[in-house]
Amino acid sequence: MFDIRGLGWIYGTPEQIAVEIQRRVGIAANLAIASNPDAAVHAARGIRGMTILPPGREAAILAPLPPYLLGGSPEFARTLDLWGIRTFGELADLPPLGVVARLGEEGAHMQQQARGLARRQLRLSVDPLVFREERELEDSVDLIEPLLFLLSQMLSELCGRLHVHGRFTNEIRLRLKLERAADHTTAVCLPVPMLNSKVLLKLVQLELNERPPQAPIEKIELELIAVEPRTTQHGLFLPASPEPEKLEITLARIRGLVGAANVGAPELLNTHRADAFRMGPLNMAKGVISTPRPKLAFRRFRPPCPAQVWCAPHGKPARIFSSKGGGNIVACAGPWQTSGDWWTLGLWGHQEWDVEIQNMGVSRIYRDYLREQWFIEGNYD
């Protein structure tokens with residue numbers, strides 16, 4: 001079912017358009033042209049050959065058709081059968097008010113279809129945008145250099161197609177079919193949408209250098225996930241920052257040296273444990289959020305510094321010694337009892353104090369209940 005409005009300027013009358021459609025189909029098929037989609041569908045399903053339904057003649061042409069072509073619920077079909085309705089014309093001749101009273105909204109809609117008067121808009125069928133290339137290799141490839149040469153051609157073609165459709169990509173999916181080995185799959189996720197084939201090739205190269213295929217390659221499957229292009233507006237008075245493409249290549253090289261788990265942006269974990277975070281992917285698309293300058297900064301030691309603490313009879317810390325220094329505690333605040341993750345193997349419990357150490361300033365110290373040991377967590381500036 002498709003819209004032929006505008007084809008008259010090219011092919012002529014509806015009959016000439018129908019003949020051209022039949023020629024292009026290439027096989028014997030039922031074809032109908034009408035002023036609304038439902039009338040055309042019913043005529044094509046129930047009348048052999050080519051049918052033209054002029055406006056105003058739909059009911060007369062559709063009248064001999066059996067009512068099962070209308071579809072509808074089983075209750076509707078059973079009711080028509082009990083009433084002895086055997087054609088579109090018999091249903092169309094029934095009083096509309098009686099049909100609505102006995103069959104409701106469905107009956108009214110079916111009667112409109114039987115008369116060829118139902119009106120609805122077509123929902124356009126849009127093919128999903130898939131940007132994928134496959135290449136069978138006549139001779140297997142076991143070196144990175146010839147593989148990169150083929151990937152360069154494929155990426156250039158895919159980026160050209162993306163450009164035509166006004167799209168960028170934020171993910172590269174590569175599958176290599178190997179000789180006598182499991183497929184080698186690689187996915188490179190990009191922090192921002194990109195469309196530079198050379199940058200994408202370099203990122204794939206760095207990924208393959210880190211995880212090379214373990215057998216000769218017989219087939220290459222490459223796909224770029226299409227997304228909307230990024231739009232960014234930089235401030236006139238903000239310092240210049242590196243281009244996202246160059247920054248991503250630099251980060252990929254660093255990940256190859258220190259490991260992917262050690263590169264990224266810190267993400268807080270869902271726990272009350274102090275300094276609990278993990279490294280997540282960078283998201284350079286987010287804007288910088290300005291925060292007021294803190295009045296007091298805390299410099300955390302990673303890992304915490306072990307210490308020896310002497311407490312007064314009332315339980316307050318009185319003296320401390322560690323590799324960071326030590327001395328008498330002239331003032332303290334606390335204690336604050338913190339604990340968590342008791343339902344996991346990472347159970348922890350601390351007794352925390354803020355202390356002022358002579359000639360050292362203010363520090364945060366805590367006593368680990370599980371290890372029965374004191375630590376200096378950090379210093380306040």
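Cys311 stands opposite Pro317 in β10, within a pairing of strand β9 (residues 298-311) and strand β10 (residues 317-322) that is antiparallel and comprises five bridges. Two strands are said to pair if DSSP finds at least two bridges between them; helices (H or I, at least four residues) and strands (E, at least two) are DSSP runs, numbered from the N terminus.

The model is predicted, so local features need pLDDT of at least 70 and side-chain atom pairs count only at pLDDT 80 or more, while totals for chains, interfaces and linings use all residues. Residues are numbered from 1 along each chain as its sequence is written, and side-chain values use heavy atoms, with hydrogens and water left out.

**Barrel**

- β9 and β10 belong to a closed barrel of six strands, which runs β9-β10-β11-β12-β13-β14 with antiparallel pairing.
- On average, neighbouring strands of this sheet are turned by 45° against each other, direction ignored; axes are lines fitted to C-alpha atoms, for helices over the stretch in contact, and angles run from 0 to 180 degrees between N-to-C directions.
- Strand β9 contains Pro303, and the peptide bond from Arg302 to Pro303 is cis, with omega near 0°.
- Strand β11 (residues 325-340) contains Pro335, which is joined to Gly334 by a cis peptide bond with omega of about 0°.
- Glu372 is placed in the loop between β13 (361-368) and β14 (373-380), and its phi is positive, near 55°, although the residue is not a glycine.
- With a relative accessible area of 52%, Glu372 is exposed; buried means under 20% relative accessible area, exposed over 50%, and partly exposed in between (1.4 Å probe, protein chains only).

**Open sheet**

- An open sheet of four strands has the order β3-β6-β4-β5, again with antiparallel pairing.
- Its edges are formed by β3 and β5, each of which has a single partner strand, so one side of each lacks a neighbour in the sheet.
- The twist from one strand to the next averages 15°.
- β4 and β5 run antiparallel and are joined by seven bridges; Glu171 has Cys189 in β5 as its bridge partner.
- The loop between β4 and β5 holds Arg180, a residue other than glycine with a positive phi of about 50°; its relative accessibility of 79% means that Arg180 counts as exposed.

**Lys219 in the sheet**

- Lys219 lies in strand β6 and counts as buried because its relative accessibility is 14%.
- The side chain of Lys219 makes a polar contact with the side chain of Glu134 (3.4 Å). A polar contact is a pair of N or O atoms within 3.5 Å; within protein, one must be able to donate a hydrogen and the other to accept it, and residues adjacent in sequence count only if both atoms are side-chain atoms.
- Leaving out residues up to four places away in sequence, Lys219 touches Glu134, Arg135, Glu136, Arg175, Leu176 and Lys177; contact means heavy atoms within 4.5 Å.

**Helices α8 and α9**

- α8 lies across β3, β4 and β6, at about 160° to β3, and α9 lies across β4, β5 and β6, at about 140° to β5.
- The axes of α8 and α9 come within 9 Å and cross at roughly 145°.
- Residues of α8 including Leu147, Leu151 and Leu155 meet residues of α9 including Leu200, Leu201 and Val204.

**Nonpolar cores**

- The largest nonpolar core has 34 residues, and Leu151 and Ile220 are those with the most contacts inside it. Such a core is a set of buried Ala, Val, Leu, Ile, Met, Phe, Trp, Tyr and Cys residues joined through side-chain atoms within 4.5 Å.
- Elements that each supply at least two residues of this core include β3 (131-141), α8 (144-164), α9 (197-210) and β6 (217-227); the largest share, nine residues, comes from α8.
- A second, separate core of 18 residues includes Leu53, Leu62, Leu103 and Met110.

**Helix α3**

- In helix α3 (residues 37-46), the buried residues are Pro37, Asp38, Ala39, Ala40, His42 and Ala43, and they pack against β1 (31-33), α4 (58-62), α6 (88-92) and α7 (96-114).
- The N-terminal end of α3 is capped by Asn36, with a side-chain oxygen 3.4 Å from the backbone nitrogen of Asp38.
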